[in-house]
Amino acid sequence: MQGTTGEFKAMWDDTHFYLLAVVKDQVLNDAAALTVAHEQDSIELFLDENNAKTSQYDPDDGQYRISFANTQTINGGRDLDLSCMTSAAKVTDDGYIVELRVAFAGDYHESGVIMGYDIQINNADDSGSRTGTANWSNELNDGWNRTDHYGLIKLVETME
Ligand code: BGC
């Protein structure tokens, strides 16, 4: 996507979901207004905690966005309260890194559970407009208001 790529890692524990994003992007821009925060260079996490794959957002569903400058925005069926997110972002020589922690909205998280999941990179040009998106799973650009096209992630326990 215009030379922009990303690598992501995810973890979970009893209360939170964690995402690490390492994005390569030569042109970083967050001039777009917060009302269109997806036009800023940013990453998004999509979670459908009960994997209900619905055509609308339920209370356990969320879209969590962090820009390269660590601006947080949220959209979803859950309480739209940024306090469920903790994040840090750092500009690197060739892009940016984001660490994101999201408090689970529901009580579905236990080892073996499969959740609906996707991640997205929003790529802005130097004028502040989004010129492209890249998704791990769903390329339909409809994950922001429905969960039925998300990919899947399985929660597994690797440590005692
Ligand atoms: C989508 C936009 C949508 C926005 C809403 C983004 O992930 O790409 O089309 O308007 O989410 O939050």
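The model is predicted: local features need pLDDT of at least 70, side-chain atom pairs count only at pLDDT 80 or more, and totals for chains, interfaces and linings use all residues. Residues are numbered from 1 along each chain as its sequence is written, and side-chain values use heavy atoms, with hydrogens and water left out.

**Figure 1. The protein chain as a whole.** The protein chain has zero helices and ten strands, in the order β-β-β-β-β-β-β-β-β-β along the sequence. Helices (H or I, at least four residues) and strands (E, at least two) are DSSP runs, numbered from the N terminus. The C-alpha trace spans about 40 × 35 × 25 Å along its principal axes. The radius of gyration of the protein chain is 15 Å, which agrees with the value near 15 Å for a compact globule with 160 residues; this radius is taken over C-alpha atoms, and the globule rule is 2.2 Å times the number of residues to the power 0.38. Of the 160 residues, 43% are buried. Buried means under 20% relative accessible area, exposed over 50%, and partly exposed in between (1.4 Å probe, protein chains only). Among contacts with a separation of 6 or more, 57% join residues 24 or more positions apart; contact means heavy atoms within 4.5 Å.

**Figure 2. Thr4, ahead of strand 1.** Thr4 lies in the segment before strand 1 (5-12). With a relative accessible area of 4%, Thr4 counts as buried. Its side chain makes polar contacts with the side chains of Asp25 (3.4 Å) and Asn123 (3.1 Å). A polar contact is a pair of N or O atoms within 3.5 Å; within protein, one must be able to donate a hydrogen and the other to accept it, and residues adjacent in sequence count only if both atoms are side-chain atoms. Not counting residues up to four places away in sequence, Thr4 touches Val23, Lys24, Asp25, Ile121 and Asn123.

**Figure 3. Asn122 in strand 8.** Asn122 belongs to strand 8 (residues 114-124). Its relative accessible area is 0%, so Asn122 is buried. A polar contact of 3.0 Å links the side chains of Asn122 and Arg130. Apart from neighbours within four places in sequence, the residues in contact with Asn122 include His38, Glu44, Arg65, Tyr96 and Thr133.

**Figure 4. Asn51 and Lys53 in one loop.** Asn51 is found in the loop between strand 3 (42-48) and strand 4 (61-67), and Lys53 is in the loop between strand 3 and strand 4. Asn51 has a phi near 50°, a positive value in a residue other than glycine. For Lys53, phi is likewise positive, near 50°. Asn51 has 22% relative accessibility and therefore counts as partly exposed; Lys53, at 32%, is partly exposed.

**Figure 5. Leu82 between strands 5 and 6.** Leu82 sits in the loop between strand 5 (72-76) and strand 6 (85-92). A relative accessible area of 36% makes Leu82 partly exposed. Leaving aside neighbours within four places in sequence, Leu82 contacts Gln72, Thr73 and Ile74. From C-alpha to C-alpha, Leu82 and Val102 are 9.4 Å apart in space, and they are 20 residues apart in sequence.
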